[in-house]
Amino acid sequence: MPYTVDFDTVSTVGLESSPVAAALAGLRANEARYFKNKYDHVFTVEPASNATSTIDWVHRILEEERGIVVASRPLEATAFQVENIRIAYVFYESGLSINVMYTVDDSGKRAVGFKLSDGMEIPEELASFKFARQKSKLAGTIRGSYFVIKNEY
């Protein structure tokens, strides 16, 4: 069942099995606030079992672009389009959030972003990335990195 993420009252619904559930919920709420403020988009997620096509798309891009296979179990995902950008998010049990921003226009920007919840270690499969820190009222300290997508998906 889809869950509408509320960034006024942060909830761990759907993320309870994560050892950093509160921080991951804050990270998810931070993303919801961003899309509401920038695009007036209501951020909804669904359990990973109902979002296999989204998760498969994200995992295919990671594997084909950089040979990355995420070790953690996906808990939730979402996919939507705002303006001419196709967006997908996967939230993992470890506290990792991966998003794909894929401009539909051929000449547009396309990238994969990684965000680490407060309190989690950098996953081994992402050890080669440099992570910048960002403070968030909802999520504490978020560490993030990204790479540009080179191929068509």
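Guide: A quick definition to begin: helices (H or I, at least four residues) and strands (E, at least two) are DSSP runs, numbered from the N terminus. This is a predicted model, where local features need pLDDT of at least 70 and side-chain atom pairs pLDDT 80 or more, while totals for chains, interfaces and linings use all residues. Residues are numbered from 1 along each chain as its sequence is written, and side-chain values use heavy atoms, leaving out hydrogens and water.

Visitor: How many residues are in α2?

Guide: Helix α2 covers residues 52–66, so 15 residues, and reaches 21 Å from first to last C-alpha, close to the 21 Å expected. Gly 67 follows α2, with a positive phi near 70°.

Visitor: Which residues of α2 are buried?

Guide: Taking buried as under 20% relative accessible area, exposed as over 50% and partly exposed as in between (1.4 Å probe, protein chains only), the buried ones are Thr 54, Ile 55, Trp 57, Val 58, Ile 61, Leu 62 and Glu 65. They cover an arc of only 160° around the axis, which puts them on the same side of α2; the arc is that of the directions from the helix axis to the C-beta atoms.

Visitor: Why do residues three or four places apart point the same way?

Guide: Because an α-helix has 3.6 residues a turn.

Visitor: What do the buried residues of α2 pack against?

Guide: They pack against β3 (74–82), β4 (85–92), β5 (96–103), β6 (110–116) and β8 (140–148), where contact means heavy atoms within 4.5 Å. Helix α2 runs across those strands at about 95° to β4. Axes are lines fitted to C-alpha atoms, for helices over the stretch in contact, and angles run from 0 to 180 degrees between N-to-C directions.

Visitor: New topic: in what order do the strands sit in the sheet?

Guide: Eight strands make an open, antiparallel sheet in the order β1-β2-β3-β4-β5-β6-β8-β7; two strands pair if DSSP finds at least two bridges between them. At the edges are β1 (3–4) and β7 (132–136), each with a single partner strand, so one side of each has no neighbour in the sheet.

Visitor: How many bridges join β6 and β8?

Guide: Six bridges, in the antiparallel sense. Val 112 stands opposite Phe 147 in β8.

Visitor: Now charges. How many salt bridges?

Guide: Six, counting a side-chain nitrogen of Lys or Arg within 4 Å of a carboxyl oxygen of Asp or Glu. One of them joins Glu 76 and Arg 28 at 2.6 Å, N to O. Glu 76 lies in strand β3 and Arg 28 in helix α1, so this pair ties together parts 48 residues apart in sequence.

Visitor: Is Arg 28 buried or exposed?

Guide: Arg 28 counts as buried at 0% relative accessibility, and Glu 76 as buried at 4%.

Visitor: Which residue does Lys 115 meet in a salt bridge?

Guide: Glu 31, at 2.7 Å, N to O. Lys 115 is in strand β6 and Glu 31 in helix α1, 84 residues apart. Both Lys 115 and Glu 31 are buried.

Terms used. Expected span 1.5 Å × (residues − 1).
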